[in-house]
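Subject: A structure for you to look through

Hi,

Here is the structure I promised to pass on. Have a look at it first, and then read my notes below.

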Amino acid sequence: MKKSIPVVATLTAIVVGVAATSTALAGTGSTAVGDRNTKISGASVIAWNQELVKIVLTPGAQPATIHPTRSYAILHAAINDAVASITRDASPLLVSVKAPRGARPDAAAIEAGRATLAAMYPGFKGELAQLADAQLATIPNGADKQQGIQVGDAVAAKVLQLRANDGSATLPSPFQPGTQPGNYRPTPPNFPTPVFTNWGQVTPFVLKSGSQFRPQAPPALTSAAYAQDLNEVKSLGQNTSVTRTAGQTVIGKFWAPAVWNTWNVIAENAAVAHHTNLERTARLFGVLNLSLADSAIALYDGKYHFQLWRPITAIRLADTDGNPATTADPNWSALAVTAPDPSYPGAHSTFSAAAATVLAAYFGDRDHIQVASIALPGTVRTFDSYRDVATEAGLSRIFAGQHFRFDHVAGLDLGHDVAQFVLHHANQED
């Protein structure tokens with residue numbers, strides 16, 4: 001069940017509201033060693049996630065050549081592993097340190113958040129220190145608090161060192177677009193330089209390689225399946241489409257922003273609604289963001305392996321594809337400006353399937369889910385399952401003229417496979 005509800009709610013408003021609540025709740029819970037770990041709120045984890053959402057939404061804060069999912073994964077792997085190093089109820093996801101049994105895991109989580117984000121975003125050190133100090137002030141002073149802070153620092157340093165030479169800092173060679181039918185090339189109207197051309201070669205966090213779950217090749221240009229999907233996006237995705245419904249237009253615009261941010265906010269709302277404690281919240285966000293980060297690596301591996309042209313190019317040059325079931329429209333334009341990378345597989349579909357798979361594993365697929373968007377302030381969409389959210393997010397790119405349906409289907413499969421692999425890794429470690 002999906003509908004649009006006019007409310008005063010945006011992604012930014014949710015960020016601010018949840019972060020404020022999280023800071024207030026950061027130190028709540030029992031201080032007794034025996035039951036502390038089950039009663040400490042997970043709100044501090046949410047506060048650090050919201051801080052990162054705010055940072056990456058700040059113009060110029062995110063390095064253009066570093067995919068933001070890497071930052072989310074580093075932040076939350078460090079938080080989870082700092083907590084797990086102390087509680088020992090689950091093995092860390094990436095690294096571990098020796099920690100006193102009585103150390104405060106909440107202090108460790110707070111410090112891991114501060115230390116990782118300060119290292120990745122040094123321009124925000126003052127703001128990050130204020131957030132950490134406010135959270136730490138809610139924890140009684142003592143040796144256990146200081147030990148927790150030391151654990152958080154140590155784990156953050158190990159995670160950052162682990163990722164120091166992962167290939168993310170490598171500047172890609174200039175992209176050489178192909179000229180044959182089907183070859184990706186920069187798209188009108190601005191013909192931007194392709195982005196993240198080397199991201200498929202970045203060392204994954206959990207996957208064995210970026211190509212581990214590489215999709216099969218997209219349909220041949222001369223096939224009936226290709227013609228069917230091209231004609232679908234040609235009809236539904238055009239800026240002046242008369243076949244796209246008003247509801248589909250809303251969907252096409254609603255999901256335009258960076259979808260990994262949206263899914264992290266969805267996860268925050270789920271954690272609050274389900275009252276997850278510190279350990280479970282840390283684990284949820286760790287697994288979620290490792291899945292999203294490895295999905296980014298996997299989807300860019302596929303995009304630049306196949307280098308398939310985008311619908312706007314395919315439609316304008318359809319008279320060159322050798323398919324009698326397609327017809328060129330040299331003036332065709334999409335509802336939204338096309339993203340600067342190849343078409344196959346679809347990024348929104350990949351990220352969304354990965355996130356939905358993780359959230360369903362933690363909370364069950366059926367849940368009450370509300371989603372806001374900075375693209376359409378004042379509109380919230382509601383869903384009955386995480387699967388439905390992922391499906392709509394992926395289909396939105398057809399309505400926006402960005403993707404073929406086969407991009408969407410391949411992306412759903414890829415994201416699901418990546419998330420299942422990360423979940424298996426996490427469960428093996430538990």
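Let's begin with helix H4, which covers residues 68-87. It is mostly covered: 20 of its 20 residues are buried. With 20 residues at 1.5 Å a residue, H4 should span 28 Å, and its end C-alpha atoms are 29 Å apart, so the two values agree.

Before you go further, please keep in mind that this is a predicted model. The average pLDDT of the protein is 92, and 91% of the residues score at least 70. The stretch to watch is residues 1-34, where pLDDT stays under 50. The model does have 79 contacts beyond four places in sequence for that stretch. Still, where pLDDT is low, the predicted coordinates should not be read in detail.

Is threonine 69 buried or exposed? Its relative accessibility is 1%, so it counts as buried. Leaving aside neighbours within four places in sequence, threonine 69 is in contact with Trp260, Asn289, Leu292, Ala293, Ala296 and Phe351.

Asn289 in that list deserves a visit of its own. Asparagine 289 sits in helix H11, residues 278-306. It counts as buried because its relative accessibility is 1%, and buried means under 20%. Which residues does asparagine 289 touch, not counting those up to four places away in sequence? They are Asn49, Thr69, Tyr72, Ala73, His76 and Asn264. For a sense of distance, take glutamine 147: it is 142 residues from asparagine 289 along the chain, and their C-alpha atoms are separated by 27 Å.

Asn49 leads us to the next helix. Helix H3 (residues 43-56) packs with H11 at an angle of about 35°, and the two axes are 8 Å apart. On the H3 side, the residues are Ser44, Val45, Ile46 and Asn49; on the H11 side, they meet Leu278, Thr281, Ala282, Phe285 and Asn289. Sorted by class, this contact has 5 nonpolar, 4 polar and no charged residues. When you look at the numbering, remember that an α-helix has 3.6 residues a turn, so residues three or four places apart point the same way.

Another buried spot is alanine 156. This residue belongs to helix H7, residues 143-162. With a relative accessible area of 0%, alanine 156 falls under the 20% cut-off, so it is buried. Beyond its neighbours within four places in sequence, alanine 156 is in contact with Ala78, Ala112, Ala115 and Thr116. Histidine 76 is 80 residues away from alanine 156 along the chain, and their C-alpha atoms are separated by 9.9 Å.

Most residues other than glycine have a negative phi, and most peptide bonds are trans. Where are the exceptions I would show you? Arginine 88, which follows H4, has a positive phi of about 60° although it is not a glycine. It is found in the loop between H4 and helix H5 (105-120), and with a relative accessible area of 48% it is partly exposed. Glutamine 307 also has a positive phi, of about 50°, and is not a glycine either. Its place is in the loop between H11 and H12, and at 26% relative accessibility it counts as partly exposed.

Then there are the cis peptide bonds. One runs from proline 188 to proline 189, with omega near 10°, and proline 189 lies in the loop between H7 and helix H8 (224-236). Another joins tyrosine 344 and proline 345, with omega about -5°. Proline 345 is found in the loop between helix H12 (311-316) and helix H13 (347-363).

Last, the aromatic rings. How many aromatic pairs does the structure hold? There are 13. In one of them, tyrosine 226 and phenylalanine 404 have ring centres 5.8 Å apart and planes at 45°, so the pair is tilted. Tyrosine 226 lies in helix H8, while phenylalanine 404 is in the loop between helix H14 (386-399) and helix H15 (405-429), so the pair ties together parts that are 178 residues apart in sequence. Both residues, tyrosine 226 and phenylalanine 404, are buried.

Enjoy exploring!

Note on methods: Residues are numbered from 1 along each chain as its sequence is written. This is a predicted model: local features need pLDDT of at least 70, side-chain atom pairs count only at pLDDT 80 or more; totals for chains, interfaces and linings use all residues. Side-chain values use heavy atoms; hydrogens and water are left out. Helices (H or I, at least four residues) and strands (E, at least two) are DSSP runs, numbered from the N terminus. Buried means under 20% relative accessible area, exposed over 50%, partly exposed in between (1.4 Å probe, protein chains only). Contact means heavy atoms within 4.5 Å. The expected span of a helix is 1.5 Å times one less than its number of residues. Axes are lines fitted to C-alpha atoms, for helices over the stretch in contact, and angles run from 0 to 180 degrees between N-to-C directions. Ala, Val, Leu, Ile, Met, Phe, Trp, Tyr, Cys and Pro count as nonpolar, Asp, Glu, Lys and Arg as charged, and the others, Gly among them, as polar. pLDDT is the predictor's confidence in each residue, from 0 to 100. Rings of Phe, Tyr and Trp (its six-membered ring) pair if their centres lie within 6.5 Å; planes under 30 degrees apart count as stacked, over 60 as edge-to-face and the rest as tilted.
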